[in-house]
Amino acid sequence: MTALIPTPPSIPFLGHVTSIEKEVPLRSFRLLSEQYGEIFQLNLLGRRSVVISTVALMNECSDDKKFSKSVVGPLVQVRNAVGDGLFTAYKDEPNWGVAHRLLMPAFGTAAIRDMFPDMLDLAEQLVLKWDRFGPQHKIDPAEDFTRLTLDTIALCSMSHRLNSFYRENSHPFVQSMVDFLIECNLRANRPTIVNSMMVGTTAKYEQDIKTMAELADEIIADRRKNQTDKKDLLNTMMYQKDPKTGETLSDENIRYNLLTFLIAGHETTSGLLTFCLYYIMKNPEAMRKAREEVDEILGDQTLQMGDLSKLKYINAIMRETIRLSPTAPLRVVSAIEDTTIGGGKYFIPKGGAVVINTITAQRDPAVWGEDSNDFRPERMLEGKFEALPPNAWQPFGFGLRACIGRPFAWQEAQIALAMIIQKFDFVLDDPSYELEIKQSLTIKPAHFYVHALPRTRKLRL
Ligand code: HEM
C-alpha cells in the first residue's frame with residue numbers, strides 16, 4: 001500500500017498558485033517542507049507536481065532509467081528565447097543529441113584548461129577595477145561578478161569581448177536577460193488568458209528576447225566575417241559534424257545554444273561567487289584559512305593553472321557555498337513509467353512531475369547533521385567529500401541532463417575567488433547585513449554591498 005502524499009489546502013482552478021510567494025518562491029517551498037515534511041503535492045494552474053526535500057528522495061529520483069528531465073513551468077517560457085537549445089530541449093528532441101555529442105568534448109577538462117589565460121585576463125580586470133576604485137567605493141559584488149562571468153563565457157566560448165568592465169552600466173543583454181527570466185517565472189504562474197491580456201508586459205518581454213537574440217546574431221555574423229581556426233564552442237557549433245549522424249547544427253539551433261550558454265553560463269557562476277564572498281565574510285575563521293592557503297601557494301605571484309589543484313580549502317569553500325545556496329535551486333524530473341519512491345511508499349504515475357528542492361535537500365540533517373545550516377567548508381575537504389552518500393551534493397543536476405558547463409564554472413570561480421582573496425580585505429557596507437535572496441530561475445544574494453581594501457600586510461612568501 002502506498003501512502004497519500006500530503007497537499008496543502010487549495011482553491012478551485014488556481015490550485016496552490018496563491019500559496020507560492022511571487023518574489024522568492026523558494027521561501028514558500030521551504031515553509032511548506034517544514035510544515036508537510038519530505039514530500040508534498042502542489043497543483044499550479046492544473047500542473048500537478050510533487051516536491052521532495054530530502055537526500056534519500058533526491059537520490060531515488062536521480063536515476064536516468066526511472067526519471068527524465070522535465071521541461072515544464074518557467075522552462076517552457078524560456079524556450080521562447082532558446083527553443084530546443086541544450087538546457088530547454090524536450091526529452092526526445094533530436095537537436096539535443098546532436099548538440100550534446102558535439103559540445104561535450106568542447107566542455108571537457110582539457111578544453112577548459114586551455115581557457116585558463118582568457119579566464120585569468122578577465123579576473124584581472126575585476127581585480128584592477130576594485131583596486132582602482134579604492135576602499136570608499138561601494139561594490140555590488142553580484143553586479144561585478146556578472147560582468148566577469150558574462151565576459152568570460154563570451155570570450156572563452158565565442159572569442160568575443162563584451163568589455164563589460166569598460167561600461168558604466170551592465171551590458172544591455174544582462175538587463176534584458178534578468179527581466180526575461182523573471183517574466184518567464186511570472187508567466188508560468190498566470191492563467192494563459194491573463195498573460196494574453198497583459199499587452200504592455202508582453203511587448204517588453206518580446207523586446208527582451210529580441211535584444212538577446214541580436215547579441216547572438218551579432219556574434220555569429222562576426223564569426224562568419226572573421227573566421228578563425230580557434231577550437232572554441234562557436235566554431236564547433238558552426239562547422240563541426242555530429243560523429244553519429246554527420247549532421248551540423250542549424251543556424252537557428254546555433255543561436256539557441258549560443259544564447260543558452262550566455263544565459264546558463266553566467267547567472268549561476270556569478271551567484272556562486274557572490275554567495276562565496278558573503279559566506280567567507282560572515283565566517284572569519286574560513287576567511288583566515290582561505291587567506292593562509294592563498295598566501296602559502298600564491299604569495300604575491302600571479303596565479304598559474306598548476307596552482308588550482310593545490311587550492312584545496314578554496315575548493316571546499318566553493319563546495320560548501322553551493323551546498324547551502326545552490327544557485328540553480330530546483331530542477332524537475334518526470335517518471336518514465338509508473339513508479340514509487342520513498343522505498344515503495346509514494347506512488348508517482350507515468351509522466352508525473354517531481355520537483356527536486358535541492359536547496360532544502362542539501363541541508364537535510366539526516367545526512368549533514370544538526371549543523372546542516374552552518375557554513376563549514378571542512379566537511380567538503382578531500383576525503384570527506386568523496387565519502388558523502390550518493391547524490392547528497394547535487395548542485396549541477398544529474399545524469400544525462402547534468403550541467404555541461406560544470407568544469408568551466410568551477411575553474412572560472414576558483415580563479416576569481418583565489419585572486420580576490422589574494423588582493424583584498426573586505427568589509428560589509430552595512431555591518432548588520434544578513435543574507436537576503438533574490439530569485440529568477442537562479443538565486444543570488446540581494447542588497448549585499450561591500451568595500452574592498454587592498455591588503456597592506458606583507459604577503460608571506
Ligand atoms: C544544466 C547548474 C554553470 C550550461 C545545468 C543543471 C544544473 C546546472 C542544476 C541541470 C538543470 C536541470 O536538470 O534542469 C549550474 C551551476 C553552475 C552552472 C550551479 C555554476 C555554478 C554553467 C555554465 C554553463 C552551463 C558555465 C555553460 C558554459 C548548462 C547547460 C545545461 C546545464 C547547457 C543543460 C545540459 C543538458 O540538459 O544537456 N546546470 N550550471 N552551466 N548547464 Fe549549468
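This briefing walks through a ligand site, a helix and a set of paired strands. The model is predicted. Around the ligand there are 27 residues, while helix 6 covers residues 116-133 and strand 2 covers residues 47-52.

**Around the ligand**
- Lys69, Leu86, Trp96, Arg401 and Cys403 come nearest to the ligand.
- Arg401 places a polar side-chain atom 2.6 Å from an oxygen atom of the ligand.
- The side chain of Lys69 has an N or O atom 2.9 Å from a ligand oxygen atom, and for Leu86 a polar backbone atom is 3.2 Å from an oxygen atom of the ligand.
- By class, the shell holds 17 nonpolar, 7 polar and 3 charged residues.
- At least two shell residues come from each of helix 12 (251-264), helix 13 (267-282) and helix 18.

**Helix 6**
- Gly134 follows helix 6 and has a positive phi, near 80°.

**Strand 2 and its partners**
- Strand 2 runs antiparallel to strand 1 (residues 39-44), joined by 6 bridges, with Arg48 as the bridge partner of Asn43.
- The hairpin of these strands has 2 residues between them, and Leu45 takes a positive phi near 50°.
- Strand 2 also pairs with strand 7 (residues 353-357), in the parallel sense over 4 bridges; here Val51 has Val355 as its bridge partner.

Notes:
Residues numbered from 1 in each chain as written. Predicted model: local features only at pLDDT ≥ 70, side-chain atom pairs only at ≥ 80, totals over all residues. Heavy atoms only, no water. Expected span 1.5 Å × (residues − 1). Pairing = 2+ DSSP bridges. Near = heavy atom within 4 Å. Polar contact = N/O pair within 3.5 Å; in protein donor to acceptor, adjacent residues only side chain to side chain. Nonpolar A, V, L, I, M, F, W, Y, C, P; charged D, E, K, R; others polar.
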